[in-house]
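Trainee: Could you take a close look at one part of this model with me? I would like to start there and then follow the chain onward.

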Amino acid sequence: MSDHTHAHGDHGHHDHDDGYHASTKGYVVGFVLSVILTAIPFWLVMGNVFENSNTTAFVILGFAAVQIVVHMIYFLHMNSKVEGGWSMLALIFTVLIVVIMLAGSIWVMYHLNHNMMPGMMHDAPHNQLPAGAPHVGHGNQP
(Lines give C-alpha, C1' and ligand atoms only; values in the text may rest on other atoms or scores of the structure.)
Protein backbone atom coordinates (compact mmCIF):
# COMPACT_ATOMS: atom_id res chain seq x y z
CA MET A 1 0.00 0.00 0.00
CA SER A 2 1.14 3.58 0.52
CA ASP A 3 3.30 5.15 3.18
CA HIS A 4 0.87 7.80 4.43
CA THR A 5 1.90 8.98 7.87
CA HIS A 6 -1.19 11.14 8.28
CA ALA A 7 -4.59 9.86 9.22
CA HIS A 8 -7.33 9.96 6.60
CA GLY A 9 -8.95 13.14 7.94
CA ASP A 10 -5.66 14.94 8.62
CA HIS A 11 -4.46 16.87 5.59
CA GLY A 12 -1.36 18.35 7.12
CA HIS A 13 -3.25 20.78 9.31
CA HIS A 14 -1.88 21.35 12.72
CA ASP A 15 -3.71 22.53 15.76
CA HIS A 16 -2.61 26.06 16.48
CA ASP A 17 -3.91 27.98 19.43
CA ASP A 18 -4.68 31.29 17.70
CA GLY A 19 -6.24 32.85 20.77
CA TYR A 20 -9.97 33.23 21.12
CA HIS A 21 -12.24 30.41 19.98
CA ALA A 22 -15.91 31.11 19.36
CA SER A 23 -18.42 29.74 21.81
CA THR A 24 -22.15 30.08 22.26
CA LYS A 25 -21.60 31.89 25.54
CA GLY A 26 -19.36 34.44 23.80
CA TYR A 27 -21.95 35.09 21.11
CA VAL A 28 -24.75 35.46 23.68
CA VAL A 29 -22.70 37.91 25.76
CA GLY A 30 -21.90 39.90 22.61
CA PHE A 31 -25.54 39.91 21.55
CA VAL A 32 -26.78 41.05 24.98
CA LEU A 33 -24.18 43.83 25.11
CA SER A 34 -25.13 44.92 21.59
CA VAL A 35 -28.83 45.06 22.49
CA ILE A 36 -28.07 47.09 25.63
CA LEU A 37 -25.75 49.44 23.74
CA THR A 38 -28.51 49.97 21.17
CA ALA A 39 -31.41 50.34 23.62
CA ILE A 40 -29.75 53.00 25.79
CA PRO A 41 -29.15 55.49 22.94
CA PHE A 42 -32.67 54.79 21.65
CA TRP A 43 -34.04 55.64 25.10
CA LEU A 44 -31.86 58.77 25.28
CA VAL A 45 -33.36 60.09 22.05
CA MET A 46 -36.97 58.99 22.53
CA GLY A 47 -37.09 60.10 26.17
CA ASN A 48 -35.43 63.45 25.38
CA VAL A 49 -33.15 62.86 28.38
CA PHE A 50 -30.69 65.67 27.57
CA GLU A 51 -31.97 69.15 26.80
CA ASN A 52 -29.08 69.91 24.48
CA SER A 53 -29.10 67.87 21.27
CA ASN A 54 -25.30 68.19 20.96
CA THR A 55 -24.89 66.42 24.30
CA THR A 56 -27.19 63.64 23.11
CA ALA A 57 -25.20 63.31 19.88
CA PHE A 58 -21.87 63.02 21.71
CA VAL A 59 -23.25 60.45 24.17
CA ILE A 60 -24.63 58.40 21.26
CA LEU A 61 -21.24 58.59 19.51
CA GLY A 62 -19.64 57.26 22.70
CA PHE A 63 -22.06 54.33 22.81
CA ALA A 64 -21.39 53.70 19.11
CA ALA A 65 -17.63 53.52 19.74
CA VAL A 66 -18.16 51.05 22.60
CA GLN A 67 -20.45 48.97 20.39
CA ILE A 68 -17.80 48.83 17.67
CA VAL A 69 -15.33 47.44 20.21
CA VAL A 70 -17.91 44.87 21.43
CA HIS A 71 -18.52 43.69 17.85
CA MET A 72 -14.80 43.43 17.14
CA ILE A 73 -14.16 41.37 20.27
CA TYR A 74 -17.21 39.11 20.42
CA PHE A 75 -18.13 38.67 16.74
CA LEU A 76 -14.93 39.34 14.77
CA HIS A 77 -12.78 37.72 17.50
CA MET A 78 -10.08 40.36 17.19
CA ASN A 79 -7.42 40.47 19.87
CA SER A 80 -3.66 40.71 20.02
CA LYS A 81 -3.20 36.91 19.90
CA VAL A 82 -5.07 36.16 16.65
CA GLU A 83 -2.74 35.67 13.66
CA GLY A 84 0.25 36.67 15.73
CA GLY A 85 -1.09 40.18 16.26
CA TRP A 86 -1.14 41.08 12.56
CA SER A 87 -4.90 41.55 12.38
CA MET A 88 -4.79 43.99 15.30
CA LEU A 89 -1.87 45.84 13.72
CA ALA A 90 -3.79 46.07 10.44
CA LEU A 91 -6.83 47.43 12.31
CA ILE A 92 -4.75 50.08 14.10
CA PHE A 93 -3.16 51.12 10.80
CA THR A 94 -6.57 51.35 9.12
CA VAL A 95 -8.03 53.46 11.94
CA LEU A 96 -4.97 55.75 11.81
CA ILE A 97 -5.30 56.27 8.05
CA VAL A 98 -9.06 56.94 8.32
CA VAL A 99 -8.53 59.48 11.13
CA ILE A 100 -5.80 61.26 9.15
CA MET A 101 -7.98 61.38 6.02
CA LEU A 102 -11.08 62.60 7.86
CA ALA A 103 -9.20 65.23 9.88
CA GLY A 104 -7.35 66.43 6.79
CA SER A 105 -10.54 66.60 4.73
CA ILE A 106 -12.38 68.56 7.41
CA TRP A 107 -9.39 70.89 7.83
CA VAL A 108 -9.16 71.52 4.07
CA MET A 109 -12.92 72.11 3.72
CA TYR A 110 -12.96 74.53 6.67
CA HIS A 111 -10.04 76.55 5.33
CA LEU A 112 -11.41 76.56 1.78
CA ASN A 113 -14.72 77.85 3.07
CA HIS A 114 -13.02 80.42 5.30
CA ASN A 115 -10.41 81.67 2.81
CA MET A 116 -12.11 81.34 -0.55
CA MET A 117 -15.59 82.67 0.17
CA PRO A 118 -15.19 85.88 2.20
CA GLY A 119 -18.06 87.57 0.32
CA MET A 120 -20.51 84.97 1.60
CA MET A 121 -20.31 86.12 5.21
CA HIS A 122 -23.72 86.74 6.73
CA ASP A 123 -22.90 89.95 8.62
CA ALA A 124 -21.30 91.82 5.69
CA PRO A 125 -23.52 93.53 3.11
CA HIS A 126 -23.23 92.14 -0.41
CA ASN A 127 -21.11 93.93 -3.02
CA GLN A 128 -19.38 96.20 -0.47
CA LEU A 129 -15.61 96.35 -0.37
CA PRO A 130 -13.78 96.38 2.96
CA ALA A 131 -12.39 99.74 4.11
CA GLY A 132 -9.14 100.62 2.36
CA ALA A 133 -9.50 97.98 -0.33
CA PRO A 134 -8.58 99.17 -3.85
CA HIS A 135 -11.40 99.29 -6.38
CA VAL A 136 -10.74 97.06 -9.36
CA GLY A 137 -13.10 97.94 -12.17
CA HIS A 138 -13.55 97.22 -15.83
CA GLY A 139 -12.10 99.60 -18.35
CA ASN A 140 -11.69 103.25 -17.31
CA GLN A 141 -14.00 103.22 -14.28
CA PRO A 142 -12.55 104.84 -11.15
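Mentor: Start with residues 27-45. This span is 100% helix and 0% strand. From end to end, its C-alpha atoms lie 27 Å apart. Keep in mind that the model is predicted.

Now place the span in its helix. Helix H1 runs over residues 24-46, and helix H2 over residues 53-74. H1 and H2 pack with their axes 10 Å apart. The angle between them is about 170 degrees. Angles over 145 degrees count as roughly antiparallel, so H1 is roughly antiparallel to H2.

Which residues make this contact? From H1 come Gly26, Tyr27, Val29, Gly30, Leu33, Ser34, Leu37, Thr38, Ile40, Pro41, Leu44 and Val45. From H2 come Thr56, Val59, Ile60, Phe63, Val66, Gln67, Val70, His71 and Tyr74. Sort them by class. The contact has 14 nonpolar and seven polar residues. It has no charged residues.

Follow the chain out of H1. Asn48 sits in the loop between H1 and H2. Look at its backbone. Asn48 is not a glycine, yet its phi is positive, at about 50 degrees. Why point that out? Most residues other than glycine have a negative phi. Is Asn48 buried or exposed? Its relative accessibility is 59%, and the cut-off for exposed is over 50%, so Asn48 counts as exposed.

Go on past H2. The loop between H2 and H3 holds His77. His77 also has a positive phi, about 55 degrees, and is not a glycine. Its surroundings need a separate check. The relative accessible area of His77 is 16%. Buried means under 20%, so His77 is buried.

Next comes helix H3, residues 86-116.

Ser87 is in H3. At 16% relative accessibility, Ser87 counts as buried. Leave out residues up to four places away in sequence, and Ser87 touches Met78, Asn79 and Val82.

Met88 also lies in H3. Is Met88 buried or partly exposed? It has a relative accessible area of 22%, so Met88 is partly exposed. Set aside neighbours within four places in sequence, and Met88 is in contact with Met78, Asn79 and Ser80. Take the pair Met88 and Met78. They are 10 residues apart along the chain. Their C-alpha atoms are separated by 6.7 Å.

Finally, step back to the whole protein. It has three helices and zero strands. Along the sequence, the pattern reads α-α-α. Of its 142 residues, 11% count as buried. His77 is one of the buried residues, and Ser87 is another.

Consider contacts between residues at least 6 apart in sequence. Of these, 53% join residues at least 24 apart. The accessible surface comes to about 12,400 Å². Carbon and sulfur atoms hold 68% of that surface.

Notes:
Residues numbered from 1 in each chain as written. Predicted model: local features only at pLDDT ≥ 70, side-chain atom pairs only at ≥ 80, totals over all residues. Heavy atoms only, no water. Axes fitted to C-alpha atoms, helices over the stretch in contact; angles between N-to-C directions. Helix = DSSP H or I, 4+ residues; strand = E, 2+ residues; numbered from the N terminus. Parallel < 35°, antiparallel > 145°, perpendicular 65-115°, else oblique. Contact = heavy atoms within 4.5 Å. Nonpolar A, V, L, I, M, F, W, Y, C, P; charged D, E, K, R; others polar. Buried < 20%, exposed > 50% of the residue type's maximum accessible area, 1.4 Å probe, protein only. Areas by Shrake-Rupley, 256 points an atom, 1.4 Å probe, with all protein chains shown as cover.
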